[in-house]
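Subject: Structure handover

Hello,

Here is the structure we spoke about passing on. Please open it alongside this message.

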Amino acid sequence: MKRLTLADCFDPTGERFGIPTYPWRCAPDDLATRRQLRSRGLRPGGQDVAAQILRPRRRREPLTAYLYRVDLARPVRPMTPARWAALAKANAARRRCPECGRDAGYVIPPTLGTCVTCAYPEEQRAA
């Protein structure tokens, strides 16, 4: 596979990639990523991807970021009391250890699957 260069990533008409493509940090101001929209208090609002940004890498596939039109973006929906309650319940579930059932006081790492006390019981007895 031929490695992409920064010049290969510039395709504002979309002939090569099917959608307009820009190099990293060279997109027009009227386009934004999801994170950029969110920082402005906006969301894509159901619109299709308008363009993409490609960032070449040496050994792997290029990084891709999809861009959305800012003028079609909608405001972020406000959090309702029911949404706040659901979020609190989900976060509480992430803190509860499935092994011992206690609240660990922190979000349990998915790599362990249990609280540190249950994952390493021999180290807890020594301390």
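This is a predicted model: local features need pLDDT of at least 70, side-chain atom pairs count only at pLDDT 80 or more; totals for chains, interfaces and linings use all residues.

Residues are numbered from 1 along each chain as its sequence is written, and side-chain values use heavy atoms, with hydrogens and water left out.

The sheet

Helices (H or I, at least four residues) and strands (E, at least two) are DSSP runs, numbered from the N terminus. Two strands pair if DSSP finds at least two bridges between them. Four strands make up an open sheet in the order β1-β4-β5-β2, and the pairing is mixed. At its edges are β1 (21-23) and β2 (31-32), each of which pairs on one side only. Strands of a sheet pair through backbone hydrogen bonds, in either the parallel or the antiparallel sense.

Taking the pairs in sheet order:

- β1 and β4 are parallel, with three bridges between them; Y22 sits opposite I53 of β4.
- β4 and β5 (residues 63-69) are antiparallel, with five bridges. L54 faces T64 in β5, A51 has L67 of β5 as its bridge partner, and I53 is bridged to A65 in β5.
- β2 and β5 run antiparallel and are joined by two bridges; the partner of A32 in β5 is Y68.

Burial is given as relative accessible area: buried means under 20%, exposed over 50%, and partly exposed in between (1.4 Å probe, protein chains only). Four of the five residues of β4 are buried, so β4 is largely enclosed by the rest of the structure.

The cysteines

How many disulfides does a search of the whole structure find? The count is zero, a disulfide being a pair of cysteine sulfur atoms within 2.5 Å. For C97, which is in no disulfide, the nearest cysteine sulfur is that of C115, 3.7 Å away. C115 is in no disulfide either, and the nearest cysteine sulfur to it belongs to C118, at 3.5 Å. C97 is buried, with a relative accessible area of 2%, and C115 is buried at 4%.

Salt bridges

A salt bridge here is a side-chain nitrogen of Lys or Arg within 4 Å of a carboxyl oxygen of Asp or Glu. By this rule there are two salt bridges. R69 and D71 form one of them, at 2.7 Å from N to O. R69 is partly exposed at 36% relative accessible area, whereas D71 counts as exposed at 57%. R95 and D103 also form a salt bridge, with their closest N and O atoms 3.2 Å apart. Both ends are partly exposed: R95 has a relative accessible area of 30% and D103 has 43%.

Surface patch

Patches are made of residues with over 30% relative accessible area and no salt bridge; like charges are joined within 9 Å, and nonpolar side chains (Val, Leu, Ile, Met, Phe, Trp, Tyr) within 5 Å. Accessible areas come from the Shrake-Rupley method with a 1.4 Å probe, and for residues only the protein chains shown count as cover. M79, W84 and L87 form a nonpolar patch on the surface, with about 310 Å² of accessible area together. M79 lies in the loop between β6 (74-75) and α2 (81-95) and is partly exposed, at 37% relative accessible area.

Two loop residues

V49 is in the loop between β3 (42-43) and β4 (51-55). V49 is partly exposed, with 34% relative accessible area. Leaving aside neighbours within four places in sequence, V49 is in contact (heavy atoms within 4.5 Å) with I19, Y66, L67 and Y68. T13 is 36 residues from V49 along the chain, and the C-alpha atoms of V49 and T13 are separated by 14 Å.

R25 is in the loop between β1 and β2. The phi angle of R25 is near 70 degrees, a positive value in a residue other than glycine. R25 counts as exposed, at 76% relative accessibility.

Regards
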